[in-house]
Amino acid sequence: MSDTLPPCPRCASEYTYEMGDLVVCPECAHEWSPSEEAEAAESAAIKDSNGNVLTDGDDVVIIKDLKVKGAGGGTIKVGTKVRGIRLSPGVGDHDIEAKVDGFGQMQLKSSIVRKA
Ligand SMILES: [Zn+2]
């Protein structure tokens, strides 16, 4: 038995207890498996095109020409380096926010970058 059970992911109650492989919340009756919870967090991680997990502040390289709509427009070329990305799950597949030289702050897809 461990004294450091995680709080309930549903109602944030701290009065959770273990029952076999599960953790149970007495307040909202939610039952879950801490190991599955960890796997879910892993699969929710934002990864680059090579499957490397990206983190805030990483530098990445664009691996595909990107047409930019709106003000000015233009194309972000393959190989463009983007410094200091911020993970920011947004609209559609856009899950990275970063400042691109010459284009300014924009949203990118993790699937079209790789870790620099
Ligand atoms: Zn609960």
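Reader: How much space lies in the largest pocket?

Author: This is a predicted model, in which local features need pLDDT of at least 70, side-chain atom pairs count only at pLDDT 80 or more, and totals for chains, interfaces and linings use all residues. Residues are numbered from 1 along each chain as its sequence is written, and side-chain values use heavy atoms, without hydrogens and water. A pocket is an open set of points on a 1 Å grid over the protein atoms alone where a 1.4 Å probe fits, with protein on both sides within 12 Å along at least five of seven lines; lining residues have an atom within 4 Å of a point. With volume taken as the space filled by probe spheres set on points joined across faces, edges and corners, the largest pocket holds about 360 Å³.

Reader: Which element gives the most to the lining of the largest pocket?

Author: The lining has 14 residues, with K67, V68, K69, M106 and Q107 nearest the centre. Strands are DSSP runs of E, at least two residues long, numbered from the N terminus. The most, 4 residues, comes from β10.

Reader: Which residue is the bridge partner of I96 in β10?

Author: Strands pair if DSSP finds at least two bridges between them, and 6 bridges join β9 (residues 94-100) to the antiparallel β10 (residues 104-109). The two form a hairpin with 3 residues between them. In β10, I96 is partnered by L108.
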